[in-house]
Amino acid sequence: MAAIVNSLVRRALRKSAVIGSNLFGKHLLLTNATFSMAMGVAGDLVQQHYEILRGKEEEVKPVRTVHMGAAGLTTGVVSHYWYIIIDIFIPGSSFRTVVKKVLYDQILFSPINLFVYFGTVAILERSLKQLKEELMEKGLKIYTAEWIIWPPAQFVNFYLLPLRYRVFFDNFISFGFDIYSPYVKYRCKLKSEIESNEIEK
């Protein structure tokens, strides 16, 4: 009996190793994009259910969730290539190198990623006219919050993890942002919207 159990465990471990090798090797881009999309969907569903519980919404809006999934997909693809590029231009994992990577990531890449996020949703919702305003107000709100979480998280990411696991780790850390970002996107009003509502009153 023990021999059968050992054989089954060994076979399961071998199969897991093959799957892991495919997911984080041969099909890394697909893995990163799919997982990022799934986290975007999950984060929005959590946020929408919270809004329903608070009486702010009556039901889940599937189209909104699809848009958040698409934003997760595009930011996942961009992040995949960013981690490759930064390792090419700033190779190594010494303390000084990692600090430099963290600063580039937060100062240069984070605004790009927010542009991709809001840009994707703006294209899907045909709201490109207000994209600049959203980036300056809502994007800035998210970017400010990112300074608390991302520098220490990215230090761990760049210092300890191989390239193939970085987007995966990134997504676990950013799940809170996957919940917070839809809140900012859909619940926070732009200044122009507030002014327009006041004029109508």
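**Helices H3 and H6 lie oblique to each other.** This is a predicted model, in which local features need pLDDT of at least 70 and side-chain atom pairs count only at pLDDT 80 or more, while totals for chains, interfaces and linings use all residues. Residues are numbered from 1 along each chain as its sequence is written, and side-chain values use heavy atoms, with hydrogens and water left out. The H3 and H6 axes sit 9 Å apart, at an angle of about 125°. Axes are lines fitted to C-alpha atoms, for helices over the stretch in contact, and angles run from 0 to 180 degrees between N-to-C directions. Angles under 35 degrees count as roughly parallel, over 145 as roughly antiparallel, 65 to 115 as roughly perpendicular, and the rest as oblique. H3 and H6 cross in a right-handed manner. A crossing is right-handed if the near helix is turned clockwise from the far one by less than a right angle, and left-handed if anticlockwise. On the H3 side, Ser-79, His-80, Tyr-83 and Asp-87 make the contacts. Their partners in H6 (residues 166-173) are Arg-166, Val-167 and Asp-170. Contact means heavy atoms within 4.5 Å.

**H3 also packs against H4, with axes that come within 9 Å.** The crossing angle is roughly 150°. H3 and H4 are therefore roughly antiparallel to each other. H3 passes H4 in a right-handed crossing.

**The whole chain is built from eight helices and zero strands.** Helices (H or I, at least four residues) and strands (E, at least two) are DSSP runs, numbered from the N terminus. The order of elements reads α-α-α-α-α-α-α-α from the N terminus on. The chain has 201 residues, and 37% of them count as buried. Contacts between residues at least 6 apart in sequence join residues at least 24 apart in 75% of cases. The mean pLDDT is 86, and 83% of residues reach 70 or more. pLDDT is the predictor's confidence in each residue, from 0 to 100. Confidence is highest in H4, at a mean of 96, and lowest in H1 (residues 2-26), at 54. Where pLDDT is low, the predicted coordinates should not be read in detail.

**Arg-187 and Glu-57 form a salt bridge.** The closest N and O atoms are 2.9 Å apart. Arg-187 lies in H7 (residues 175-187) and Glu-57 in the loop between H2 (28-53) and H3 (62-89), so the pair ties together parts 130 residues apart in sequence. A salt bridge is a side-chain nitrogen of Lys or Arg within 4 Å of a carboxyl oxygen of Asp or Glu. Arg-187 is partly exposed, at 28% relative accessibility. Glu-57 is buried, at 18%. Buried means under 20% relative accessible area, exposed over 50%, and partly exposed in between (1.4 Å probe, protein chains only). The structure holds nine salt bridges.

**Lys-185 bridges to Glu-125 and to Glu-134.** The Lys-185 to Glu-125 pair has its closest N and O atoms 3.7 Å apart. That pair links H7 with the loop between H4 (95-124) and H5 (131-160), 60 residues apart. Lys-185 is buried at 5% relative accessibility, whereas Glu-125 is partly exposed at 28%. The Glu-134 to Lys-185 distance is 2.8 Å, N to O. Glu-134 sits in H5 and Lys-185 in H7, so this pair ties together parts 51 residues apart in sequence. Glu-134 and Lys-185 are both buried. Through shared partners, salt bridges join Glu-125, Glu-134, Lys-138 and Lys-185 into one network.

**Asp-44 of helix H2 is buried, at 0% relative accessibility.** Beyond its neighbours within four places in sequence, Asp-44 contacts Arg-64, Thr-65, Met-68, Asp-178 and Pro-182.

**Arg-126 has a positive phi, near 50°.** The residue is found in the loop between H4 and H5. Arg-126 is exposed, at 76% relative accessibility. Most residues other than glycine have a negative phi.
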